[in-house]
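Hello,

Here is the structure I promised to pass on. Please have a look at it first, and then read my notes below.

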Amino acid sequence: MAATLSTPSARKAKHAEQDRPRGLFRRKAGDHDKAGPVAYVLLAIAAVVSLFPLYWTFVAASNTGERVAQSPPPMVPSGELWTNITTAWDQADMGKALLNSTIVAGCVSLSTVLFSTLAGFAFAKLRFRGRNALLTLVVATMTIPPQLSVIPLYRIVTKLEWGNQLQSVILPSLVAAFGVFFMRQFLSEALPFELIEAARVDGANSLRVIWHVVFPIARPAMAVLGMLVFVQSWNDFFWPFVVLTQQNPTVQVALSAIGGGSGHDINQAVIMTGALVGTLPLLLIFAVLGKHIVGGITSGAVKS
């Protein structure tokens, strides 16, 4: 019965669909959410290229310095990892360095996310005189090289007697122009004026609006910004190297004292071991929060 009721145009379309060639880039109807073989190949290549530096760091950390210096270098792990970790731990106070970097990166991330969200909300949704000019000034500071502020900052730190103390690294980085601009752009699209007006009508003051309306909507972007700032602060070397010493180092400052020597006496395996130890906390954080961070990145990509 169904065959007799089908029209000639429907039968023609069915035969055309069956005779249509299927290549690597052609998918069946209804397969819009499935990746083709080319996509899997490209993703595999990208994964290998991205993970190879980390794998090579592990290989170098598990070999001796003489073996790493050979040509060609080793490509498989060995059994010297624990010995190299002990050597790196003896040459620099890695335990204290990890604790200091956690404190610095955590404080900088929390303060940057908080202040950037508040400033981004103000620039995005509040109306005040000079808003555009002030936003332009904030964004313009991103073009100034950070090296230009080293001498003034160092003089301030010296006068405050904060040399070799963590606050000398934390306080100059409490807020970032990039974070303000990032949150402003996100809240401009994600936060409708109607929600703010509804909260005002219900009697909410500015603090309640921020806590109950702005923060819940901005949570995905806050997670992304926090992760970016944490990684940047953890990897920061120049300014901590200027104001801190090996008696109170961050991870990057401690790494500068590992694998000591001159010329061919530098132990590359121990240096790679220190780099591996300093990278593990970042990998752990991303393993725990990676799903939320990726969700925050993609949450604003699709409009309802």
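**What I found**

Of the 304 residues in the protein chain, 31% count as buried, where buried means under 20% relative accessible area, exposed over 50% and partly exposed in between, with a 1.4 Å probe and protein chains only. This is a predicted model, in which local features need pLDDT of at least 70, side-chain atom pairs count only at pLDDT 80 or more, and totals for chains, interfaces and linings use all residues. Residues are numbered from 1 along each chain as its sequence is written, and side-chain values use heavy atoms, with hydrogens and water left out.

The chain has 15 helices and 0 strands; these are DSSP runs numbered from the N terminus, with helices being H or I of at least four residues and strands E of at least two. The protein chain exposes about 19,300 Å², and carbon and sulfur atoms supply 66% of that (Shrake-Rupley method with a 1.4 Å probe; for residues, only the protein chains shown count as cover). Taking contacts between residues at least 6 apart in sequence, 68% join residues at least 24 apart, a contact being heavy atoms within 4.5 Å.

The unreviewed UniProt entry lists several spans as "transmembrane region", including 209-231 and 269-289; its positions are given in the numbering used here, feature names are shortened, and annotations may be inferred rather than shown by experiment. In the model, residues 209-231 are 100% helix, with end C-alpha atoms 30 Å apart. Residues 269-289 are 100% helix too, and their end C-alpha atoms lie 30 Å apart.

The largest nonpolar core has 30 residues, and F121, L187, L191 and V209 have the most contacts inside it. Such a core is a set of buried Ala, Val, Leu, Ile, Met, Phe, Trp, Tyr and Cys residues joined through side-chain atoms within 4.5 Å. Helix α12 (206-235) is among the elements that give two or more residues to this core, and α12 gives the most, with 10 residues. A second, separate core of 15 residues includes M94, A97, F230 and V251. Not counting residues up to four places away in sequence, L191 touches F121, K125, I196, V213, V214 and I217. K125 also lies over the face of F193, at 4.2 Å from the ring centre (NZ of Lys or CZ of Arg within 6 Å of the ring centre and within 35 degrees of the ring normal).

There are 5 aromatic pairs: rings of Phe, Tyr and Trp (its six-membered ring) pair if their centres lie within 6.5 Å, and planes under 30 degrees apart count as stacked, over 60 as edge-to-face and the rest as tilted. F123 and F128 make a tilted pair, 6.2 Å centre to centre with 45 degrees between the planes. F123 is buried at 7% relative accessible area, while F128 is partly exposed at 35%. The ring centres of F230 and W234 are 5.9 Å apart and their planes are at 25 degrees, so this pair is stacked. F230 and W234 are 4 residues apart in helix α12, which separates them by about one helical turn.

Finally, some backbone details. Most residues other than glycine have a negative phi, and most peptide bonds are trans. A cis peptide bond joins S71 and P72, with omega about 0 degrees. E161 has a positive phi near 60 degrees and is exposed, at 66% relative accessible area. N164 has a positive phi near 65 degrees and is partly exposed, at 24%.

Best wishes
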